[in-house]
Amino acid sequence: MTPTATPRQASPWAAPRLSMRWWPVFLRNLLVWRKLAVPSLVGNIAEPLMWLVAFGYGMGMLVGQVELSTPQGQVLLPYILFLASGSICLSAMNAASFEALYSAFSRMHVQKTWDGILNAPVSLDDVLLAEMLWAAFKALFAVSAILLVMLALGISHAPKLLLALPVLLGVGIVFSCLALVFNALAKGYDFFTYYFTLFLTPMMFLSGVFFPREQLPDLVQDVSDWLPLTHAVELVRPLFLNQWPAQAWLHGGALLGYGVAAFWLALALTRKRFAR
């Protein structure tokens, strides 16, 4: 009697198998979020605006103007404009990271929402795609509100500023993918402290958000060149000045590479976690 062959299990590193079934999962998150939209929006907007007011107007009175290298040469710009163009990227990073870490972990591990969804004809790949896009959407929603406040304050009225929105959506996608990697590894909420302390916080100070990167030592600048937040700031800051970013293809390609690699890694680790 010939023994029955055991079906070969697909590798967790196999290419993503995606479909439009991510949309109902995304819509489910949207419907739940609508009940808590106001406190969620306040939480995502209040802190960045406090940073902007405290440092932009407070420290800006001491700093005055900042000299910045642009494709058109050296320019002097008010510190609040320098800070606003960097802090909006920081806001996109934080909003996407918080959603793809704490909220996604709650749905995956604590509430077991993902387990319930997987009982329907929805694959884990589609669930992860929906979580990534949902975190990016929340980041875009938050930075859009912040951008409206900046416009109201007269910080910048550059026409090219509208192009910052698709760039910031891409920033949200990249950081939601990176956060989902740690979400797949986490055993509890405390694990995320490592991600914020060892990765996000140093990047916040090394990516040119609060001061020009040219002031950093050469070795630190070399490290900063590889950080995803640096590429985001280099794309968005010139738009605040109504200029085109220098080497946009390089910065955009770097963010694309980070996003694709991080999503693939997050998917493989999440597949391994659910295969146990």
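Helices here are DSSP runs of H or I with at least four residues, strands are runs of E with at least two, and both are numbered from the N terminus. By that rule Ala92 is in helix α3. What you see above is a predicted model, where local features need pLDDT of at least 70, side-chain atom pairs count only at pLDDT 80 or more, and totals for chains, interfaces and linings use all residues. Residues are numbered from 1 along each chain as its sequence is written, and side-chain values use heavy atoms, with hydrogens and water left out.

I will stay with Ala92 for a moment. Ala92 and Lys138 are 46 residues apart in sequence, and their C-alpha atoms are 8.7 Å apart. A second residue to look at is Met150, in helix α5, residues 124-152. Met150 is buried too, at 2% relative accessibility. From Met150 to Lys160 there are ten residues in sequence and 14 Å in space, C-alpha to C-alpha.

Next, the salt bridges. A salt bridge here is a side-chain nitrogen of Lys or Arg within 4 Å of a carboxyl oxygen of Asp or Glu. By this rule there are six salt bridges. In one of them, Glu131 meets Arg107, with the closest N and O atoms 2.7 Å apart. That pair links distant parts of the chain, since Glu131 is in helix α5 and Arg107 in helix α3, 24 residues apart. Both Glu131 and Arg107 are buried. Which residues belong to the salt-bridge network? They are Glu99, Arg107, Glu131 and Lys138.

Another bridge joins Arg271 to Asp125, at 2.4 Å between the closest N and O atoms. Arg271 lies in helix α10 and Asp125 in helix α5, so this pair ties together parts 146 residues apart in sequence. Arg271 is buried at 10% relative accessibility, and Asp125 is buried at 4%. Then there is Arg213 with Glu234, at 3.9 Å from N to O. Arg213 is in the loop between α7 and α8 (218-224), and Glu234 is in helix α9 (residues 228-240), so the pair ties together parts 21 residues apart in sequence. Here Arg213 counts as buried at 14%, whereas Glu234 is partly exposed at 30%.

Now the aromatic rings. A pair of aromatic rings is described by the distance of the centres and the angle of the planes. Rings of Phe, Tyr and Trp (its six-membered ring) pair if their centres lie within 6.5 Å; planes under 30 degrees apart count as stacked, over 60 as edge-to-face, and the rest as tilted. The count comes to 24 aromatic pairs. Why is the pair of Tyr102 and Tyr189 called stacked? Their ring centres are 6.1 Å apart and the planes are at 15°, so the pair is stacked. Tyr102 lies in helix α3 (residues 79-110) and Tyr189 in the loop between α6 (164-185) and α7 (192-206), so the pair ties together parts 87 residues apart in sequence. Tyr102 is partly exposed at 27%, and Tyr189 is partly exposed at 35%.

Phe105 and Phe192 make an edge-to-face pair, 5.6 Å centre to centre with 90° between the planes. Phe105 is in helix α3 and Phe192 in helix α7, 87 residues apart. Phe105 is buried at 1%, and Phe192 is buried at 0%. Both pairs sit within a cluster linked by ring pairs, whose members include Phe98, Tyr102, Phe105, Tyr189 and Phe192.

Last, the strands. In a regular strand the side chains alternate between the two faces of the sheet. Strand β1, residues 65-70, has Val66, Leu68 and Thr70 on its covered face and Gln65, Glu67 and Ser69 on the uncovered one. Strands pair if DSSP finds at least two bridges between them; β1 and β2 (residues 73-78) run antiparallel and are joined by six. The two form a hairpin with two residues between them. Leu68 stands opposite Val75 in β2, and the bridge partner of Thr70 is Gly73.

Note on methods: Buried < 20%, exposed > 50% of the residue type's maximum accessible area, 1.4 Å probe, protein only.
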